[in-house]
Amino acid sequence: MRALIVFLVCVGTIVAQGLPGRDDTDPSGGRLRVETIVPDEAVRVGEAFRVVVRVAVDRAWLGRGLVQPYVRPLDVPLHLEAGWLTEDPRWMSESIEPPTGAQSRRRVTLALNGSVATAHEADDIVVEGRRFAAWEIHRRMAAKRPGDVVLRGVVVRFAESRGFRTDFLGNPIAEGREDGSLAGEPATVMVISLPTAGRPSGWSGLIGDYRITEARAESTPGLPRRWVVRVSVEGEGNLGFLSTLRFEPIPGWTTIGVLDPGGPSPRRLRLDIEQARDTAEPPSLALASFDPSGAGTWRRLEASVAPPPGVVRGATSIVLRPADRSVASASEIGWRLVLLAPWIVLVVGWRIVRARDRDREDPVGARARSAWRRFQRALRRGDDPRAALRAFIAARLRRGEDALVDRGLAADLRAFGLAPEEAEALARALLGPIDRRYGDDRGEAESMAPAAWAKRIEEVARRKEARA
């Protein structure tokens, strides 16, 4: 009998463990997933590699079960704990963007190691017919020493509610909050040493696929032998972890100083170099690097320095060429403008005073000139060109606009200087709208455009002023 009871207890335990949805090791009930993605193959000491922490939540649970764990709302109400991801003496680490093509993904906030952090939205994951929303944190890391390094599983803390009530505004209020946590699987990274054979003595730690994309020199005023070289180094690797790059010594040149601001690619530096002797060869920059791809090889990055403007490269020396005076430097242009500014102001002021005196002596002409400017502005603004033309002709004939209805307008235009046929045509164009307003049923006569008439009147007026 006792054996039967023990047997039944064991069977009941096994059956209970096999019931669907029962998992004592996962307090989320399978609705939360977290994984750490590292390279499958070995990496070198100091070699940069990408680490991705991906967390996924069942979308149904995300919408109705999870609640905000803190007073400050988060886009994703989760708290991730992974100390090695941000601060660990075994690693160098920096935050990076997702690979090309995924950088347009939406950014979200979540908690990481007690602080608000940014993650990138990833594609949904479908597991056993359930859809999971996923987010990723991308880091670039590099090991400081060889050996198999274990990354502890990421711990995800969450808060859920077993029920909700609705307040008087209709907003859901969580009740019965319960906190839980889930630990992901650890990940192992195999780190191997760099090869010692062929390692350059002046190597500064650069590992990756890099190249020198720019090496351009500028002359130093008053010091023809000294150059300032602008250098740019670009590529993929661990450049962001190096505070300073060391270039190889340049034959025949002395390196006075290097200004290296640090940072990832592209890294822009400044080198101050000075020619050591008259027969110095044109300078060329060289930088040692290790390429980890394939079997891994040591490389020497080289680039010839482009000389400053006005310097000719010779076979065995560098010769200064006389400056091309047809192209002024920025400082020379500035001094010329400073010297010319008083004369420019004087000429402009004299013209303004002269124009004011001329308008004071000839107010009628000033009115005509002002009318011409107003006519041009009216055309640019899209105003009625006929109204603008009437105002311009009245000013040029030295009468008011209401005087243009006079039947002697054609004679006045002939006296002004227009040909008889031109005067008759312009008079019909100006009086036609008034005649039709009072019952004249004659069609509108063909005439030049208002702009053409104004130009013709202005030509006649200027010709008369020139003769006078």
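Reader: Which helix holds I344?

Author: I344 lies in helix α3, residues 330–361. Note that this is a predicted model.

Reader: Why is I344 called partly exposed?

Author: Its relative accessibility is 49%. Buried means under 20% and exposed means over 50%. The 49% of I344 therefore counts as partly exposed.

Reader: What makes up the nonpolar patch on the surface that includes I344?

Author: L340, W343, I344, L346, V348 and I352 form the patch. Together they have about 650 Å² of accessible area. Patch residues need over 30% relative accessible area, and I344 has 49% relative accessibility.

Reader: How do you know what span helix α5 should have?

Author: Helix α5 covers residues 385–396, which is 12 residues. The expected span is 1.5 Å times one less than the number of residues. That gives 16 Å for α5, and its end C-alpha atoms are 16 Å apart, so the two agree.

Reader: Which residues of α5 are buried?

Author: A388, L389, R390, F392, I393, A394, A395 and R396 are buried. Just after α5, R398 takes a positive phi of about 65 degrees.

Reader: Why is strand β3 called largely enclosed?

Author: Strand β3 spans residues 49–58, and eight of its 10 residues are buried. It is therefore largely enclosed by the rest of the structure.

Reader: What makes β1 and β3 a pair?

Author: Pairing needs at least two bridges. Strand β1, residues 32–37, and β3 have six, in the antiparallel sense. E35 stands opposite R54 in β3.

Reader: How many bridges join β3 to β8?

Author: There are 10, and the strands run antiparallel. Strand β8 covers residues 130–143. R140 in β8 is the bridge partner of R50.

Reader: Is H120 buried or exposed?

Author: H120 is found in strand β7, residues 115–127. Buried means under 20%. At 6% relative accessibility, H120 is therefore buried.

Reader: What makes the link between H120 and E97 a polar contact?

Author: The limit is 3.5 Å between N or O atoms. The side chains of H120 and E97 are joined by a contact of 3.2 Å.

Reader: What is the phi of N113, and what is that of E128?

Author: N113 has a positive phi of about 55 degrees, although it is not a glycine. E128 has a positive phi of about 50 degrees, and it is not a glycine either. N113 is in the loop between β6 and β7. E128 lies in the loop between β7 and β8.

Reader: Why is E128 called exposed?

Author: Exposed means over 50%. E128 has a relative accessible area of 77%, so it is exposed. N113, at 30%, is partly exposed.

Conventions: Residues numbered from 1 in each chain as written. Predicted model: local features only at pLDDT ≥ 70, side-chain atom pairs only at ≥ 80, totals over all residues. Heavy atoms only, no water. Helix = DSSP H or I, 4+ residues; strand = E, 2+ residues; numbered from the N terminus. Buried < 20%, exposed > 50% of the residue type's maximum accessible area, 1.4 Å probe, protein only. Patch = residues over 30% accessible without salt bridge, like charges linked within 9 Å, V, L, I, M, F, W, Y side chains within 5 Å. Areas by Shrake-Rupley, 256 points an atom, 1.4 Å probe, with all protein chains shown as cover. Salt bridge = Lys/Arg side-chain N within 4 Å of Asp/Glu carboxyl O. Polar contact = N/O pair within 3.5 Å; in protein donor to acceptor, adjacent residues only side chain to side chain.
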